[in-house]
Amino acid sequence: MKKMTRNDNFIYLTCSLVLLLLGTALAQQFFDASAQRLVQSATVITLLVAVWGAGDEGFLFRKSFIFPIAIIATSLFSYYLDNLDLNYPHLFLMLVFFVITAKQTARQVLFTGEIDGNKILGAICLFILIGLIWSLLFTLIHLASTQAFNGISDSHLWYEVLPDFIYFSFVTLTTLGFGDISPTMPITRFLVYFEAMTGQFYIAILVASLVGSRMTTSQNKQHKTINDGDNHE
């Protein structure tokens, strides 16, 4: 099996995150709401492998049996926390994990070497992580006050409302603003428009800068190759 390194980890992570978002929608559409625990566990393990474990020369992939065992273990732990009515600590731990993972991703994308295609994919992964972080914030606020948003059920089970907030978060982050879900409290309105601002600045500044740097690097390499060829002649 090909080892995953920091030169290609975001290729795997981009595909995994897209499939996991699709899995969230499919689980909500066709299965019991508690199936979201499995999707959430798969998300956590995927991030651990692709972002946290990329520097270990594929160690986790060589021990591939760890992946299903870890998903089962985190699912059981999630079930245990929910039965103890510890939704807040559970979601807070998830939020902290996603924030740290986003920081790790940003460090790999922005502060290590020249820009390549893998790092541009990393910027896309970071964009997805930002949307997931905001969805967790919205879910925590909803659990504290079910009147914080219109268009969301009044359920106090995180796995029943999180898929809707993931949808709402990405609709907000990309400034689509369909209006089927809307904030009703000052703090939630602030978070919503701040997320929209973050999405616009992210695309306009960070992604554009990375793509521009990548193009400049490619052009410089081409010029160097041409100049080296002329010198040999």
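**View 1. Helix H1 against helix H6.** In this predicted model, the axes of H1 and H6 cross at roughly 35 degrees and come within 8 Å. The crossing of these two helices, H1 and H6, is left-handed. On the H1 side the contact is made by Asn-9, Phe-10, Ile-11, Leu-13, Thr-14, Leu-17 and Leu-21, and these meet Asn-118, Leu-121, Gly-122, Cys-125, Ile-128 and Leu-132 on the H6 side. Sorted by class, the residues of the contact of H1 with H6 comprise nine nonpolar and four polar residues, with no charged residue among them.

**View 2. Helix H6 against helix H7.** The axes of H6 and H7 also come within 8 Å, and here they cross at roughly 130 degrees, which makes H6 oblique to H7. The crossing of H6 and H7 is right-handed, whereas that of H1 and H6 is left-handed. From H6 the contact draws on Phe-127, Ile-128, Ile-130, Gly-131, Leu-132, Trp-134, Ser-135, Leu-136, Phe-138, Thr-139, His-142 and Leu-143, and from H7 on Trp-158, Val-161, Leu-162, Phe-165, Ile-166, Phe-168, Ser-169, Phe-170 and Leu-173. The residues of this contact of H6 with H7 fall into 16 nonpolar and five polar, and no charged residue takes part.

**View 3. Helix H1 against helix H7.** Helix H1, spanning residues 9–30, packs with helix H7, spanning residues 158–173, at an angle of about 135 degrees, and their axes lie 10 Å apart. At that angle H1 is oblique to H7, and the crossing of H1 and H7 is left-handed. Leu-21, Thr-24 and Gln-28 of H1 are in contact with Pro-163, Asp-164, Ile-166 and Phe-170 of H7. The contact of H1 with H7 is made up of four nonpolar residues, two polar residues and one charged residue.

**View 4. The largest cavity and its lining.** Two or more lining residues come from each of H1, helix H2 (36–52), helix H5 (87–110), helix H6 (117–144) and H7. By class, the lining of the largest cavity has 12 nonpolar and five polar residues, and no charged ones.

Definitions and conventions
Residues numbered from 1 in each chain as written. Predicted model: local features only at pLDDT ≥ 70, side-chain atom pairs only at ≥ 80, totals over all residues. Heavy atoms only, no water. Axes fitted to C-alpha atoms, helices over the stretch in contact; angles between N-to-C directions. Helix = DSSP H or I, 4+ residues; strand = E, 2+ residues; numbered from the N terminus. Parallel < 35°, antiparallel > 145°, perpendicular 65-115°, else oblique. Left-handed = near helix turned anticlockwise from the far one by under 90°. Contact = heavy atoms within 4.5 Å. Nonpolar A, V, L, I, M, F, W, Y, C, P; charged D, E, K, R; others polar.
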